[in-house]
Structure formats: structure tokens, C-alpha cells
Amino acid sequence: MPSLLDRISRLWPREGALSTSSGQRAALGVVTALLASVPLVFVRQSVITALADIVLVSMLVLVGGLYLHRNEQGVWGRFRDIAILAALVLGVVYGTWLSALILPGVPPYVLPIPLAPILATLLLNPRVGILVAVVGVGVGILFGVLDGAHVVGSLLAGAAGVTAMGVISERSRLISAGGLIVTVTGASALGATLIESGTLQQAIVAGGLGLVGGALTVILMLGMLPVFEHVFGVTTDVRLLELANPGQPLLKRLMMEAPGTYSHSVMTGNLAETAAQQIGANALLTRVGAYYHDVGKILRPGFFVENQAGMANPHDNTSPSLSALIITAHVREGVELAEEYRLPQEVVEIVRQHHGTSMVMYFYNKAAAAGGPVFEADFRYSGERPRSREAALVMLADSCEAAVRATSKPTPPRIEEVVRKVVAQKLADHQLDLSNLTLAEIEAVTVVYTRLLASVYHPRVEYPEVISGRDKNAGQRNEPSRS
Ligand SMILES: [Fe+2]
Ligand SMILES: [Fe+2]
């Protein structure tokens, strides 16, 4: 039975999430302005000030919309993203209203001030996060929760949240980001209260409350983020970091059931991530996509060369066309597994596109050598060609790693030759046509893969065995006496 969140997320038009019309944007703006005005009207004593609130909130929504239109085309163009922003702004308004009603006179720092800016940063981007921080402080002033130096303190806390969560590429960064939020919130509370009250005692109490508020922010963020991700179908860096953890169930299965494929996937991830950093693509998504790209091999691991150490090759007793069928099936089966384990759509797409529509050349050549009719279509993957730079990077890293691993005596010039050949074949086969990679980026990626693969697969100097008579004697000299 689907959960409540599942049901809500199904109400959401996934296709409509990608683009929006000006009518939809205008309707959302009007609804947001009206809903945001309601609590402010309630707290005002006179009709005139209530009307002034409505005008102020409408101007805020209008100017915010204009700002997005001029400066944030990525957010402005997607209905899903402006809906997230509207939900966050309304959350700030109603959250502040409720806290003013339930906890009147409570110092503002005990509240999770940086929460909405952090969510906006993780779900959209840091620039929108700063916008939400400014809106949040404005709302706090309108409700009479913030004034004087506390305005600066709250802005600082929000800005710290945005800064800390702006770039998270490693799990350890998440912990240090949480630490920064708690520290800055506590210090801002202490400083602002000292300016306002002038007594050290009150400032220390406010500082302590700030630490509590900062910690509460981090806890609520970890709790609310998966809800937003699920309902709006957004994949954040925090979710990707979770998926990169080797303890994830599907990665664990890959490690236990297809260990050769697992180490190939980790190597592919390292290559593709470095290339993504080099060309400014999404490095974390690329790494995670590479970790999962071959999960379909879990179903028949023994049919893939990297898992055959010390085993008979089952393809020796299989016709080339059946072998190709088994090999190409790992893409479809990988997509099914990825969906079963609820991996984000972006990662599923990388699994689907990592071989594109390329050919299984080894079995095609084997079939051709055996004589008889051979149809190219029987030896092609039935996936999709990469539609993003990240998917293309995984495709190239995957093929280059496998080709170099299969090369005997891989000297650096030989490795470069193999990498260039793989890239040229993919280009000639039109596999990269939809990926948005430029030729300059492809060249940069080729250089990165050559360098990294040469550092891993260069021929090793064999460790010399001790055979000289003098060394033998030396060993005997050191032997303990048996007498
Ligand atoms: Fe594959
Ligand atoms: Fe692979």
C-alpha cells in the first residue's frame, strides 16, 4: 500500500515540473501573496495596517518574482522549483506566526532561523537561499519577533546556513556544516543580545539558546529534507551522499554478489568524478551514477569478465547471439533494480544510458568469424544514448576502464592510445551526440582518464626475490640457534 507521501507525490505532474507558463506563475504568485497575508492581517489591530500588510506582501512576491525572472532562469522556468520556493516562504510566514502566538516573548534564537534558507539552498541553489534568508528576517520584523541588532544576528545565522550547505561533496562536510551553523547561530545570538541588553548574563543565555536553535535547525533539516525530496521529486546532494555510502543495500549487494563489478564501478566513479570536476559538471551525481551503473550485473555476475577470476567462462558454451543477449540485458535489469531500490531519477537515467546504443563488439566479431548471417541490431544495447554530460562521463569512464584493464602491458603511451580509440569510437558511433559535451570538454576528459588510468594500470616492477648466497648466509646468521 502506498504511503501518504507517495500519494502526495503522485498528485504532482512530473512532466509539468519541468516547465511552466506565465499564467501558472502568476496564479502561484497571487495564491502565495494571499496566503502569506492572512496571518499578518490577523495580528493587526486596524484595517489600514492590515491593508498595508497585504500591499507589502504583494510587493514582496512581485519583486521576488522579478528577481527570479531576471537572475534565476533555471528556477523561474520550472514550476516545481517556484512551488518549492512558495512553500518555503509560506512555511516561514506561518512558522513565525505560530511561534509568536504560542511562544510570545521567547528569544528568537531558540527558533530554527536558518532552516528555510538551508532547505532553499539544498533544494534550489545558494542564491535563492540568501533570498529566503532576507524574506525570513523581513517576516520576523513584521510579526514583531525581530528588531534592532537581532535583525543582523538572524541574517548572519541564515547566511551561515546557506554558506555551510552550499557545497557538500563529502559526508564529513555535512558534519562540519552543521557545526558551523550551530556556532554562528550561537555567536550571533550572543553578540546581538549584548548590543541590545548590554548585560553579559543575558547575552550568555541568548548564546546558549542560539546553540539550541542551531542544533534544532540541523535536526529539522535532516527530518524535512527527505519529505521535500519525495514530494517534489528533487535529488539533493545530501541524498546523493547517502547513496554513495558503501552500506547502502544495493551497493552492498553489488559488493557481495559481484565483487569484480563493484571494484570496476568504484574505479569508474573515481575517473568520472575527476573528469566532472575538471569540466564543471555535477561531480557528486557523476560519482554516484558510476557506482550504480552496472547493478544489473548482480543477476548473472559470472557472465561478466571482471567476476570470472578462477572460474570457467560460461560464454564458452553459449552462442555469440545468446551471449550478447545476456550481456545487453544488464542495462534493463539495472534500471529495474535501481527503480526497485528507489534510486533518484537522475541516477536511473545514468544506468539506462551508460552503454547508449553501442555494440557488443567482442561477440559481434565472434559471430561474424563463425560465418552465417549476423545482424548488427542483435548485438546492440537497447538503452538510450547519454542525455547529460554526467551520463556521458560515466559511459566514457566505463569503456576506458574496461578497455585499459584488458590491455596487456599497459604502458602510458599504450594507455593513451586505448583511451583515444575508445573515445573516437563513441564519437563516430554518435553515442555522445545528445550529451551536450563540447569537443574541448571531450579532450579534457580524455587527458584526465589517460592520466588516472596510467597511474593505476602502469606495469609494476617485480619485487626481487632474495637469491644471492651472501643474503642466504645473512639469513642463516640471523636464524635463532636450534641447539
Ligand atoms: Fe555496463
Ligand atoms: Fe561498467
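How many helices and strands are there in the protein?

1. The protein has 21 helices and 0 strands, where helices (H or I, at least four residues) and strands (E, at least two) are DSSP runs numbered from the N terminus. The radius of gyration, taken over C-alpha atoms, is 29 Å, well over the 23 Å that the globule rule gives for 483 residues, so the protein is more spread out than a compact globule. The rule is 2.2 Å times the number of residues to the power 0.38.

2. This is a predicted model, in which local features need pLDDT of at least 70 and side-chain atom pairs count only at pLDDT 80 or more, while totals for chains, interfaces and linings use all residues. Residues are numbered from 1 along each chain as its sequence is written, and chains are lettered from A and ligands numbered from 1 in the order in which they are written.

3. An automatic or database domain assignment gives domain 1 (4–234) and domain 2 (239–457). Their C-alpha centres lie 42 Å apart. Along the principal axes, the C-alpha atoms fill a box of roughly 95 × 75 × 45 Å.

4. Of the 483 residues, 40% are buried, meaning that 20 or more other C-beta atoms, placed from the backbone, lie within 10 Å of the residue's own.

5. In helix H11 (residues 237–244), the buried residues are Asp237, Arg239, Leu240, Leu243 and Ala244. They cover an arc of only 155° around the axis, which puts them on the same side of H11; the arc is that of the directions from the helix axis to the C-beta atoms. These residues pack against helices H6 (115–123), H10 (200–232), H14 (283–292) and H16 (345–353).

How values were computed: Buried ≥ 20, exposed ≤ 12 C-beta atoms within 10 Å, placed from the backbone. Contact = placed C-beta atoms within 7 Å.
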